[in-house]
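Please look over the sequence and the model below before reading on. The briefing is meant to be read with both of them open.

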Amino acid sequence: MLAVISAAVAPAIALLSFFYLKDKYETEPLSLVVKVYIFGVLLVFPIMVIQFGITEELNVPSFVEAFFISGTLEEFFKWFLVFYGAYLHEEFNEPYDGIVYATALSLGFASLENIFYLYTFGIKEALVRALLPVSGHALFGVIMGFYLGKGKFSTGRKKKMYLTLSLLLPIVLHGTFNFLLLSSTKYIFFYMFPFMIFLWWFALRKVRIANTTLTPYSNPDAKTGI
């Protein structure tokens, strides 16, 4: 069991450390990052119950399962917990902070989900799980956090637009990810490899932009690309 837990959690901790240390200006307090990570771990239980109930009672097509039962349900509750657990906190004082907290919560969720999966299907699945679902959760978190950070330091219509994107884009990307997994088992790597390359490119671009921005007020010349 210890080997399963180690294999399941290690990729998430490595990814969280990577994005945490990417913060150029002021690293976030570990106590708050750990708290948000634990929120993600605890979120697994209600999500699993809801998903199990829906899939047991209803015969849903793969599109609905991918985009609504997984993508929308998981990303909405992640967004909700990041918003009320970190976004409104005084320590959220730079655009990059959104990436740290959203990634921490997403990887907390991925950690426990991965433990359950490896316990059920065996530790031989650890590498594939690290490269696909665990990395996927991290990258959805980066994108969510980037737009939360943009929204935090914007006003008016821009604020609403960024907060909407912080929820909508992770849902679309997560749904697409799951749909590819569900519908292309025979040629999964043919479809998933380019999609994961795109996700990494897109997420790392957001990391770079967030790290060149303090706030619109303190750094008016900073890049603010969408």
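This is a predicted model: local features need pLDDT of at least 70, side-chain atom pairs count only at pLDDT 80 or more; totals for chains, interfaces and linings use all residues.

Residues are numbered from 1 along each chain as its sequence is written, and side-chain values use heavy atoms, with hydrogens and water left out. The protein chain has seven helices and zero strands, where helices (H or I, at least four residues) and strands (E, at least two) are DSSP runs numbered from the N terminus.

**Overall form**

- Read along the sequence, the protein chain follows the pattern α-α-α-α-α-α-α, and its C-alpha trace spans about 50 × 35 × 30 Å along the principal axes.
- The radius of gyration of the protein chain is 17 Å, which agrees with the value near 17 Å for a compact globule with 226 residues; the radius is taken over C-alpha atoms, and the globule rule is 2.2 Å times the number of residues to the power 0.38.
- Of the 226 residues of the protein chain, 49% count as buried, where buried means under 20% relative accessible area, exposed over 50% and partly exposed in between (1.4 Å probe, protein chains only).

**Aromatic rings**

- A search of the whole structure finds 21 aromatic pairs; rings of Phe, Tyr and Trp (its six-membered ring) pair if their centres lie within 6.5 Å, and planes under 30 degrees apart count as stacked, over 60 as edge-to-face and the rest as tilted.
- Phe198 and Trp201 form a tilted pair, with 6.1 Å centre to centre and 35° between the planes, and these two residues are three apart in helix α7 (residues 188-210), so about one helical turn separates them.
- Phe198 also forms a stacked pair with Phe202, at 5.6 Å centre to centre and 15° between the planes; because Phe198 and Phe202 are four residues apart in helix α7, they too are separated by about one helical turn.
- Phe198 is partly exposed, with a relative accessible area of 35%, whereas Phe202 is buried, with a relative accessible area of 14%.
- One aromatic cluster is formed by Phe76, Phe77, Trp79, Phe80, Phe83, Tyr84, Tyr87, Phe92 and Tyr101.

**Charges over rings and salt bridges**

- The charged end of Lys78 sits over the ring of Phe109, 5.4 Å from its centre, the rule being that NZ of Lys or CZ of Arg is within 6 Å of the ring centre and within 35 degrees of the ring normal.
- Lys152 lies over the face of Tyr87, at 4.9 Å from the ring centre.
- The count of salt bridges comes to two, a salt bridge being a side-chain nitrogen of Lys or Arg within 4 Å of a carboxyl oxygen of Asp or Glu.
- Glu75 and Lys78 meet in a salt bridge of 3.0 Å, N to O; the two residues are three apart in helix α3 (residues 62-87), so they are separated by about one helical turn, and both Glu75 and Lys78 are buried.
- Glu113 forms a salt bridge with Arg129, the closest N and O atoms being 3.8 Å apart, and this pair links distant parts of the chain, with Glu113 in helix α4 (residues 97-121) and Arg129 in helix α5 (residues 126-152), 16 residues apart.
- Glu113 counts as partly exposed at 23% relative accessibility, while Arg129 counts as buried at 11%.

**Nonpolar surface**

- Leu30, Val34, Ile38, Leu42, Phe45, Met48 and Phe116 make a nonpolar surface patch of about 630 Å²; patches are made of residues with over 30% relative accessible area and no salt bridge, like charges being joined within 9 Å and nonpolar side chains (Val, Leu, Ile, Met, Phe, Trp, Tyr) within 5 Å, and accessible areas come from the Shrake-Rupley method with a 1.4 Å probe, only the protein chains shown counting as cover for residues.
- Helix α2 (residues 30-57) gives the largest share of the nonpolar patch, six residues.
- Met48 has its place in helix α2 and counts as partly exposed at 40% relative accessibility.

**Single residues**

- Met196 lies in helix α7 and counts as buried at 7% relative accessibility.
- His137 is found in helix α5 and counts as buried at 4% relative accessibility; the C-alpha atoms of His137 and Trp79, 58 residues apart along the chain, are separated by 12 Å.
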